[in-house]
Amino acid sequence: MSPLKAGDKAPQFSLPDQDGEPISLSDFKGQRVLVYFYPKAMTPGCTVQACGLRDTMSELKSLNVEVLGISTDTSEKLSRFAEKEMLNFTLLSDVDHQLAEQFGVWGKKQFMGKTYDGIHRISFLINPQGDIEHVFDKFKTSDHHQVVLDYLKQHSA
């Protein structure tokens with residue numbers, strides 16, 4: 001597994017959102033987009049991470065940043081997750097993990113002594129030109145939103 005790095009071109013994509021509607025990276029041309037990959041909707045860590053972003057959405061929007069959360073969950077499950085946690089950003093379904101592989105975040109993981117393939121929790125800030133501006137790979141689920149905001153405040157366009 002080798003995640004994309006700052007300076008790399010972000011892969012173009014179109015995936016179904018929590019309502020089954022196709023969303024493309026090109027829909028956000030001219031904006032910064034935080035593409036955050038997370039393992040599984042409705043699990044404790046992913047919920048904490050999503051709620052942190054939800055609660056700072058007005059700040060993120062004021063910095064002209066859109067948020068796209070991506071997991072291998074189905075649109076139906078994402079819809080339940082968004083509704084249950086009152087999420088105010090788009091969740092995308094990458095069921096066959098093709099996009100996760102293009103971003104380099106799909107790979108071997110270990111949990112409770114088992115090894116399996118899955119999504120690694122890594123976020124990518126994509127600049128208005130479609131390049132990866134910054135990679136967030138060192139954070140706790142509880143402070144992910146703050147790490148992102150701190151970076152954005154230091155590097156506001």
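Biologist: Quick one to start: are phenylalanine 37 and phenylalanine 103 buried or exposed?
Modeller: Phenylalanine 37 is buried, and phenylalanine 103 is buried too. Here buried means under 20% relative accessible area, exposed means over 50%, and partly exposed is in between, using a 1.4 Å probe and protein chains only.

Biologist: What should I know about the model itself?
Modeller: This is a predicted model, in which local features need pLDDT of at least 70 and side-chain atom pairs count only at pLDDT 80 or more, while totals for chains, interfaces and linings use all residues. Residues are numbered from 1 along each chain as its sequence is written, and side-chain values use heavy atoms, leaving out hydrogens and water.

Biologist: Back to the rings. How many aromatic pairs are there?
Modeller: The count comes to seven aromatic pairs. Rings of Phe, Tyr and Trp (its six-membered ring) pair if their centres lie within 6.5 Å; planes under 30 degrees apart are stacked, over 60 edge-to-face, and the rest tilted. Phenylalanine 37 and phenylalanine 103 make a tilted pair, with 5.2 Å from centre to centre and 55° between the planes.

Biologist: Where do those two sit?
Modeller: Phenylalanine 37 is in strand β3 (residues 32–37) and phenylalanine 103 is in helix α4 (residues 98–103), so their pair ties together parts 66 residues apart in sequence. Helices (H or I, at least four residues) and strands (E, at least two) are DSSP runs, numbered from the N terminus.

Biologist: And why is the pair of phenylalanine 136 and tyrosine 151 called edge-to-face?
Modeller: Because their ring centres are 5.6 Å apart and the planes are at 85°. Phenylalanine 136 belongs to strand β9 (residues 132–136) and tyrosine 151 to helix α5 (residues 144–154), so this pair ties together parts 15 residues apart in sequence. Phenylalanine 136 and tyrosine 151 are both buried.

Biologist: Which residues form an aromatic cluster?
Modeller: Tyr36, Tyr38, Phe81 and Phe89 form one.

Biologist: New topic: serine 71. Where is it found?
Modeller: Serine 71 is part of strand β4 (residues 65–71). It is buried, and its relative accessible area is 0%.

Biologist: What does the side chain of serine 71 make a polar contact with?
Modeller: With the side chain of aspartate 73, at 2.7 Å. A polar contact is a pair of N or O atoms within 3.5 Å; within protein, one must be able to donate a hydrogen and the other to accept it, and residues adjacent in sequence count only if both atoms are side-chain atoms.

Biologist: Which residues is serine 71 in contact with, leaving aside neighbours within four places in sequence?
Modeller: Serine 71 is in contact (heavy atoms within 4.5 Å) with Tyr38, Pro39, Leu78, Leu92, Ser93, Asp94 and Ile119. The C-alpha atoms of serine 71 and lysine 40 are separated by 6.2 Å, and the two residues are 31 apart along the chain.

Biologist: Last topic, backbone angles. What is the phi of histidine 97?
Modeller: Histidine 97 is not a glycine, yet its phi is positive, about 50°. Most residues other than glycine have a negative phi. Histidine 97 sits in the loop between β5 (90–93) and α4, and is partly exposed, at 23% relative accessible area.

Biologist: What about methionine 112?
Modeller: Methionine 112 has a positive phi as well, near 50°. You'll find methionine 112 in the loop between β6 and β7, and it is exposed, with a relative accessible area of 73%.
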